[in-house]
Amino acid sequence: MLPRRRFLGLGLAAAGACSRRTVTSAPGTPGTAAIERIVLGRVLTLDPTLPQAEAVAIAGDRIAYVGSATDALARRSPTTEVIDNGTGLVTPGLVDAHAHLLGLGRSLEEIDLRGAASIEEVVARVRAGDRGQPWLLGRGWDQNQWPGAAMPTHHPLSRAFGERPVWLRRVDGHAGWANEAALRAAHIGPGRASPEGGEILLDAEGNPTGVLIDAAMGLMQPPDPSIDDLRRQLRAAQAHVLARGLTGVHDMGVGPMVDALYREHDHAEDPTQRLQLRVMGYADADWLPTLAHERTADHPAPEHLYALLGVKLYADGALGSRGAALLQPYADRPDHRGLMQHGPEAFLAQCERATAAGYQLATHAIGDAANRAVLDAYAAVIERHALVGARLRIEHAQIVDLADIPRFAALGVVASMQPTHATSDMPWVPDRLGPDRLAGAYAWRRFLDAGVPLCFGSDFPVELPDVTHGLHAAITRQDPSGHPPEGWLPQQRLSLLQALAAFSSGAAYACYSEGFVGRIVAGHVADLTCFRDDLRQLSPLELRGAPVAATLVAGQARYRA
């Protein structure tokens with residue numbers, strides 16, 4: 001098993017007033033090595049012994065000194081580069097703790113349907129994106145933004161594109177919309193049974209409507225990308241997120257081909273081909289039987305930018321497509337409680353197999369029934385394997401019964417949550433749940449107050465990868481226009497410092513890496529995010545659009561504005 005340490009709440013306590021005390025290098029760190037780079041600015045360290053500083057000196061890939069600008073500059077040599085960030089904020093490298101890096105690269109090449117206000121607009125965007133591809137692929141539609149908010153049918157796509165297969169994934173990735181040609185290619189017709197954990201939506205006559213939910217999406221098989229496609233998409237995705245201040249991602253659902261790609265780039269001799277940011281991988285559940293038989297989990301290490309340390313499992317679907325598994329029926333579909341992806345015994349068997357091979361568990365669970373089922377399985381695994389501080393993860397934890405939040409803390413389960421999911425979903429969540437089940441909805445503050453380890457991400461490309469959008473959502477619970485004025489369920493808002501910690505020290509803890517990233521301290525790897533402005537002095541809407549000045553990974557400037 002990976003090393004287990006009890007949660008210490010690193011970085012979640014409020015930082016005190018600026019201290020001028022300087023800190024020299026810790027024992028065993030490269031304090032006497034040549035200083036290659038000095039970063040000046042308003043440094044927020046998340047180190048309680050020195051919450052704020054003026055400079056970070058870097059030797060090789062490590063932080064050699066944190067403290068005053070005067071003392072840092074006294075260490076420079078003629079070859080030292082000085083990055084003067086002025087009055088801008090410098091934070092520990094910010095990490096998206098739930099993302100899909102290659103999915104982002106693919107989405108940058110697909111037809112963007114995000115924000116389309118009607119079916120007609122979707123069709124128009126697909127027409128505009130038609131470059132003669134064998135399949136027309138897109139992502140980002142959301143029926144909740146359309147008049148009537150009803151799921152679509154294949155007819156508009158079939159009329160518009162005829163025999164060209166069209167496959168459009170919903171914004172959350174848990175539903176897809178196909179035309180008739182794509183349905184035929186997948187052999188989906190009247191009488192085709194829905195697979196376990198999924199649903200083929202049918203019309204009144206029993207014909208497929210064209211919408212596939214969760215596991216049913218696996219029936220659709222557009223052409224797979226080639227390895228050259230993946231390399232190109234990886235380059236594009238890395239550049240995209242580095243420009244937004246991310247120094248790392250936790251990549252959820254890595255398959256064997258992508259794992260091989262990451263390893264190739266992590267060990268590439270050509271510096272231009274190497275990984276540019278830190279990637280903590282979580283294997284796709286379909287790979288688990290083979291993976292657990294062939295090898296054990298990687299251990300995150302500062303000298304490597306990639307490690308496969310966990311397995312991404314699924315308990316249920318998504319709330320927007322009514323696939324999230326609820327304890328009580330949907331308020332807007334009283335005959336339906338969502339879709340559990342596995343029965344209790346089958347899910348527990350998955351957990352056991354992954355745990356026996358040393359892999360960290362990270363399970364997608366959105367509805368309150370799914371979260372309870374995962375906690376039950378985790379409790380059994382922890383007891384059976386005598387795991388202490390196991391750091392098992394639940395991804396999303398969007399709707400949780402209040403009685404189950406203390407169970408997260410008691411079991412040491414990490415709540416891996418995405419602030420922008422709340423602000424994207426808030427217009428229609430009350431319709432799904434009714435007013436009496438909102439207390440445990442996207443309840444970040446309740447989790448923190450209960451002592452639950454918390455890390456933040458975006459689930460990109462479901463949401464945009466801009467970390468400032470997540471910070472804005474976390475502290476305001478408002479949409480980009482500032483509505484509702486007090487925020488949705490405002491008692492669950494966080495402070496900016498708590499939100500930054502969830503994207504840095506919390507993310508590091510969630511992947512066993514707090515010993516070398518997540519804070520700005522001597523001896524840690526020099527992963528830094530530099531903003532042009534001091535985020536603490538910006539209005540909420542200014543914060544949402546705050547530009548990144550530079551992104552440093554392992555001491556190297558991987559992005560500069």
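Which residues in helix 7 are buried?

Analyst: Happy to walk you through it, and keep in mind that this is a predicted model. Helix 7 runs over residues 256-266, and its buried residues are Val258, Asp259, Leu261, Tyr262, His265 and Asp266. What do the buried residues of helix 7 pack against? Their partners include two helices, helix 2 (101-107) and helix 6 (227-242). Strand 12 (246-254), strand 13 (278-284) and strand 14 (306-314) are packed against them as well.

A search of the whole structure finds eight aromatic pairs. In one of them, the rings of phenylalanine 408 and phenylalanine 447 have centres 5.0 Å apart and planes at 80°, so the pair is edge-to-face. This pair links distant parts of the chain, 39 residues apart: phenylalanine 408 sits in helix 11 (residues 405-411) and phenylalanine 447 in helix 14 (residues 444-449). Both phenylalanine 408 and phenylalanine 447 are buried.

Phenylalanine 456 and phenylalanine 503 also form an edge-to-face pair, with 5.6 Å from centre to centre and 65° between the planes. Phenylalanine 456 belongs to strand 18 (residues 454-456), while phenylalanine 503 is in the loop between helix 16 (496-502) and helix 17 (505-510), so the pair ties together parts 47 residues apart in sequence. Phenylalanine 456 and phenylalanine 503 are both buried. Finally, look for Trp141, Trp146 and Trp177, which ring pairs link into a cluster.

How values were computed
Residues are numbered from 1 along each chain as its sequence is written. This is a predicted model: local features need pLDDT of at least 70, side-chain atom pairs count only at pLDDT 80 or more; totals for chains, interfaces and linings use all residues. Side-chain values use heavy atoms; hydrogens and water are left out. Buried means under 20% relative accessible area, exposed over 50%, partly exposed in between (1.4 Å probe, protein chains only). Helices (H or I, at least four residues) and strands (E, at least two) are DSSP runs, numbered from the N terminus. Contact means heavy atoms within 4.5 Å. Rings of Phe, Tyr and Trp (its six-membered ring) pair if their centres lie within 6.5 Å; planes under 30 degrees apart count as stacked, over 60 as edge-to-face and the rest as tilted.
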